[in-house]
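Student: Hey, can we go through the charged pairs in this one together? I'd like to see where to look.
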Amino acid sequence: MTQEQFERTIDRDQRVEPRDWMPDAYRATMIRQIAQHAHSEIIGMQPEGLWITRAPSLRRRAILLAKVQDEAGHGLYLYSAAETLGADRAELTEKLISGRQKYSSIFNYPTLTFADVGVIGWLVDGAAICNQVPLCRSSYGPYARAMIRICKEESFHQRQGYELLMTLMRGTPAQREMVQDAVNRWWWPSLMMFGPPDADSTHTERSMAWKIKRHTNDELRQRFVDMTVPQADALGVTLPDPELRWNAERGHHDFGPIDWSELKRVISGDGPCNAERVAVRRAAHEDGAWVREAAAAYAAKQAERERRRDGEGLAAV
Ligand SMILES: [Fe+2]
Ligand SMILES: [Fe+2]
């Protein structure tokens, strides 16, 4: 395959597959995007994982456990997709725990109450769905296919979050207050999940040309706001933005300015939980070293046994 064939594949909306020729910059962009996505799934287990032992009922604990486990699965599919591009998974993990590769800044915020679990499902998984549904048509085949299953699970996550919040909203005034407080803290960071405004986004243009990305950050953010406002009404919570209102002329909701300095600060490592998240991931990686070593030793032993068996088989012939 050549440059020309690569371009034809993109133009015809077909998929680029691991053995196809691709420009180095496409490969590098794809590895970076998939790795950051994988890291986000794995780091994203932490804020909610902290609530597994403190869930208010066995039912809520089982649901949350399953959800956090799904996120681990998402991380694993995505690391595998990155490996099809020649990336080394151990190296990607090393980049994450040494701070050389990023993950979604949303996971650097703390989860203060159990209502945060519901709001993360509703808003954070909701924003992830807006971002990820178009990625099911991403030009890189293994990534696009991984996204199909991931999106199905994410929409389940969103519903469980919404159902949890509905239950709390039907409870006591203190429970309703807990939900409102969580919404107040997570709303703006959720809008930041779509990345910087289009005018400042360095990767958008080329990623759109290569059909890695299908919509701009601002388009997706608008879609998320339009989708969420009626859900907030049904829930009976107020989104913390006095400028939020329907604009009949545009056919969309207008919303207030986002504090981009906050996103910059959190991305550059100065969010409320950055240090803690990376430290926990690093400790888990170090604690798991013996498991990886044992698995590698077992695989080597199996391979050796098979080689010997093949040798004996040949000798018998
Ligand atoms: Fe996920
Ligand atoms: Fe999720």
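Predicted model: local features only at pLDDT ≥ 70, side-chain atom pairs only at ≥ 80, totals over all residues.

Student: Okay, what does Arg145 form a salt bridge with?
Tutor: Its partner is Glu17, and the closest N and O atoms of the two are 2.8 Å apart. The pair links distant parts of the chain, 128 residues apart: Glu17 sits in the loop between H1 and helix H2, while Arg145 belongs to helix H7.

Student: And how accessible is Glu17?
Tutor: Glu17 has 24% relative accessibility, so it counts as partly exposed.

Student: Switching topic: which side chain does Glu4 meet in a salt bridge?
Tutor: That would be Arg8, at 3.5 Å from N to O. Both are in helix H1, four residues apart, so about one helical turn separates them.

Student: Is Glu4 buried or exposed?
Tutor: Glu4 is exposed, with a relative accessible area of 56%. Arg8 is partly exposed, at 37%.

Student: What about Asp181, which residue does its side chain meet?
Tutor: Asp181 meets Arg185 in a salt bridge, 3.1 Å from N to O. These two are four residues apart in helix H8, so again about one helical turn lies between them. Asp181 is partly exposed at 35%, and Arg185 is partly exposed at 23%.

Student: Which residues are linked in a network?
Tutor: Glu48, Lys67, Glu71 and Asp125 are linked by salt bridges in a network.

Student: Last one: how many salt bridges does a search of the whole structure find?
Tutor: The search finds 17 salt bridges.

Methods: Residues numbered from 1 in each chain as written. Chains lettered and ligands numbered in written order. Heavy atoms only, no water. Salt bridge = Lys/Arg side-chain N within 4 Å of Asp/Glu carboxyl O. Buried < 20%, exposed > 50% of the residue type's maximum accessible area, 1.4 Å probe, protein only.
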